[in-house]
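Subject: Structure handover

Hello,

Here is the structure for your files.

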Amino acid sequence: MKDYDDTTWFLGQWGRFQQTVFFLLCASVFPNGFGAFSLVYLTDIPSHSCLVPDVNLTQDWHKAIIPIKVVNGKQEWSSCSRYRLDVVRNLSALAYVPGRDVNLTDLELEACVDGWTYSRDVYQSTVVSEFDLVCSDQWKQPFTSTVYFLGVLVGSFFSGQLSDEFGRKPIFFGTMAVQTVFTFVAIFSPSWTVFCILLFISGLGQISNYISAFVLGTEILTGNVRVLFSSLGVCLAFAFGYMMLPLFAYFLRDWRSLLLALSLPGLLYLPLWWFIPESPRWLLSQGRVREAEAILREAARKNKLQAPQIIFDNYHVDADETEKQPKEHLSIFHLLKTRNIRNTTVILCMVWFTLSTGYFGLSLNTSRLHANPYISCFISAAVEVPAYISSWLALRYLPRRISVICILLLGGVSLYFIQLVPQSLSELSVALEMLGKYGLTTGTALMFVYTAELYPTVLRNTATGTCTTVSRVGSCIAPFLLQLSTYLKYLPYITLGTLAVASAFATLFLPESFGRPLPQTIQQMYRRESLKCPFITRKKPSKAVVLSESKL
């Protein structure tokens, strides 16, 4: 059988069929952008202090009951303690004046036993203020994000295998429904525990929907349009959705209202079932040749073209014979079966882990970039637009391996330099952090395409899902990685920079896929090309050696 791209040449690359698939799949990714980072606002910590009950206190004691502490050279009200209320009440009744008659440092402190009062200058409410995730329960705030990314991790793992088993289209719409329904149900959460359970299930569909749409478009589209879709189409749709998040959050400052607004757009995409077809490549891998041909004939009709009488001649067999043909069912263990595939998989997982940890760590850190969290989030989202455009140019004109290495070094070195910037030049620190995010975002876009190009059709979705599953381990620890700054201010940046440089070195040992057709079978997977030195000449291997290596 000829290569799939050569077989389907009669469709062209940019007819009505391809345009419909391109724009509808891109549109389906739009909610993923503002859904993935809604945690920036849902779990943000408003300014808070201990609640003081309505008791008979003088105005001076009412102001002085909350201690003042120094944080980073600035005086702030304590958020987790107050002077003992019974002592303060007695001193107030005796008409003592704080600071004149009483030395406040001699008074005993107590925890916020009556709860907290939260500032409403920025938010009406968040999950933190709703369920009091502060002070002794502050660990629950980053853990909430981790629970969501754990759901993303599990969804990435199972959706890849389910998609290879049952098809791209059913899993694509199934995960979209899961994300929409459980995001909506989370609005009615009566407790933090219930909210986390629903958030976990919502995360199951979040990245799974993105991966399914990505693979579906990659397998249906061909040539430069496929590169445009995978590097610019879905990525820019995600970025524009991300950029819309601050706008939603600015006008909807209550966390329940924000979740409602983020869940409703998912209902608009359910009718796309009748417009987006199944992947013909996947149908062929399952021996369902007639269904694949039917989709291509319908595509030719939409493009106003004439399809050949027999499209896949070597696959054209009787129905009975098709049913008797054994189907090749491959699992995740086939990614480790041979040395060639195993090395590729391990290196890709390392790079994915680094990119995901850095990308989500820097994205969740946006509230610290600027006093206004809405401006911070928009800046972080806007950086992704030039990043995705750069990835598209690199995918079109540059080898994959060199592109990934350079972009990882750019991101890693930028994060290293942050610790060298004086505190008086905070704007330069923000610029370097955004440059680092630019590099990691560009690398993420490159890796989606690079990974899909390295694996054959029967393993492509499983491999992509497995790599993103490993990457989600990084996203799960990213919220806690930011907490390292309490021990050393620049430790998170040093850690991310080290991971980026190490991954750049490992990428040297990946195979190149630039300018080659997508492999259909495991036998067609590309072997690693050794780095060539102009001063070393290798002897040509014998025919017996070539045959023995081909079996690996």
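**Disulfides**

The torsion about the S-S bond of Cys-50 and Cys-112 is about -65 degrees, so this disulfide is left-handed. A disulfide here is a pair of cysteine sulfur atoms within 2.5 Å; in this pair the sulfur atoms are 1.7 Å apart. The bond links distant parts of the chain, 62 residues apart: Cys-50 is in strand S1 (residues 48-50), and Cys-112 is in the loop between strand S5 (109-111) and strand S6 (116-118). Helices (H or I, at least four residues) and strands (E, at least two) are DSSP runs, numbered from the N terminus.

Before going on, note that this is a predicted model: local features need pLDDT of at least 70, side-chain atom pairs count only at pLDDT 80 or more, and totals for chains, interfaces and linings use all residues. Residues are numbered from 1 along each chain as its sequence is written, and side-chain values use heavy atoms, with hydrogens and water left out.

Cys-50 is buried at a relative accessible area of 2%, and Cys-112 is buried at 8%. Buried means under 20% relative accessible area, exposed over 50%, and partly exposed in between (1.4 Å probe, protein chains only).

The structure holds two disulfides. The other joins Cys-80 to Cys-135, with an S to S distance of 2.0 Å. Its S-S torsion is about -100 degrees, so the Cys-80 and Cys-135 disulfide is left-handed. Cys-80 lies in the loop between strand S3 (74-77) and strand S4 (81-83), and Cys-135 in the loop between helix H6 (127-131) and helix H7 (140-166), so the bond ties together parts that are 55 residues apart in sequence. Cys-80 is partly exposed at 31% relative accessibility, while Cys-135 is buried at 19%. With the bonded cysteines numbered in sequence order, the pairing is 1-3, 2-4.

**Cysteines without a disulfide**

Cys-235 is in no disulfide, and its nearest cysteine sulfur is that of Cys-26, 9.1 Å away. Cys-235 is buried, at 2% relative accessibility. Cys-467 is in no disulfide either; there the nearest cysteine sulfur belongs to Cys-349, at 4.3 Å. Cys-467 is buried, with a relative accessible area of 1%.

**Aromatic rings**

There are 26 aromatic pairs in the structure. Rings of Phe, Tyr and Trp (its six-membered ring) pair if their centres lie within 6.5 Å; planes under 30 degrees apart count as stacked, over 60 as edge-to-face and the rest as tilted.

Trp-14 and Phe-22 have ring centres 5.4 Å apart and planes at 90 degrees, so they are edge-to-face. Trp-14 is partly exposed at 40% relative accessibility, whereas Phe-22 is buried at 7%.

Phe-37 and Phe-238 are also edge-to-face, because their planes are at 80 degrees; the ring centres are 6.2 Å apart. These two are 201 residues apart, with Phe-37 in the loop between helix H2 (16-36) and helix H3 (39-42) and Phe-238 in helix H10 (residues 223-251). Phe-37 is buried at 0%, and Phe-238 is buried at 10%. Both belong to a cluster linked by ring pairs, which also includes Tyr-148, Phe-149, Tyr-210, Tyr-242, Tyr-359 and Phe-360.

**Charges over rings**

A charge sits over a ring if NZ of Lys or CZ of Arg is within 6 Å of the ring centre and within 35 degrees of the ring normal. Lys-169 lies over the face of Trp-273, 4.4 Å from the ring centre. Arg-253 lies over the face of Tyr-250, at 4.5 Å.

Regards
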